[in-house]
Amino acid sequence: MQKVLILIINIVLKIVAVLPLRVWFFISSYLIFPLLFYILKYRKEVVFNNLRNSFPNKSEKEISEIALKFYKYLADNIVETLKSFNISEEELNKRISLKNPELLEKYFSEGKNMMLSVGHLGNYEWFGSILSKKTIYKVLVPYRKLTSPIGEEVMKANRSKFGTIVFPTLETAQKLKKKYDKPYLLFMANDQSAHPYKSYWTRFLNQ
């Protein structure tokens, strides 16, 4: 039954994702953004409080402008993720490029593994999925496992469709010990909270 549901969800997502990106961005601007910001007020108090704490010298108008930009970015990111279920390698290559790839080639020729550390800025889903096509490295991407087994299978298949090896974060140590046919590049979005009892705490942006 679960396999049937996964198949149905994948088919529906692929059909919906056929819409061109210009249509998705229209939906983002005039439906999803106002829904998140004005109607659902998604984590609005948290966002505004964090901005006020981080930038105490900014006025409420400036804080509001930053918050609006964030919610517009979030809405765009949502529709881009939906589009990823039916986006081609060619289309992703038009939007994502690597500068100075020769820097990676140098370490690859020396047989060295690499770690690429990024933040949740831009579309990290797109970047992580297409990276294996843009570098000679074996690309490994840990992710936070979803609580829904069906959602987990759907997202995992989508993230790995261009050859990227994806796995839950708890399996990272195991995957790094594995022998591969060539050096690996570990792609990580590191701007997240570490485990509260296994982390070093300090002040950053007044927080």
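In the predicted model, four strands form an open sheet in the order E1-E4-E2-E3, with parallel pairing. Strands (E, at least two residues) and helices (H or I, at least four) are DSSP runs numbered from the N terminus, and two strands pair if DSSP finds at least two bridges between them. Neighbouring strands are turned against each other by 25 degrees on average, direction ignored; axes are lines fitted to C-alpha atoms, for helices over the stretch in contact, and angles run from 0 to 180 degrees between N-to-C directions.

Residues are numbered from 1 along each chain as its sequence is written. Local features need pLDDT of at least 70 and side-chain atom pairs count only at pLDDT 80 or more, whereas totals for chains, interfaces and linings use all residues; side-chain values use heavy atoms, without hydrogens and water.

E1 and the parallel strand E4 (residues 184-189) are joined by five bridges, and Ser117 has Met188 in E4 as its bridge partner. Helix H7 (residues 124-134) packs on the sheet and touches E1, E2 and E4, contact meaning heavy atoms within 4.5 Å. The direction of H7 makes about 175 degrees with that of E4.

Four bridges link E2 (residues 138-143) with E3 (residues 165-168), which run parallel. From E2 the chain crosses through helix H8 (residues 149-159) to E3 in a right-handed β-α-β crossover, that is, with the strands pointing away from the viewer, the path from the first strand over the helix to the second runs clockwise.
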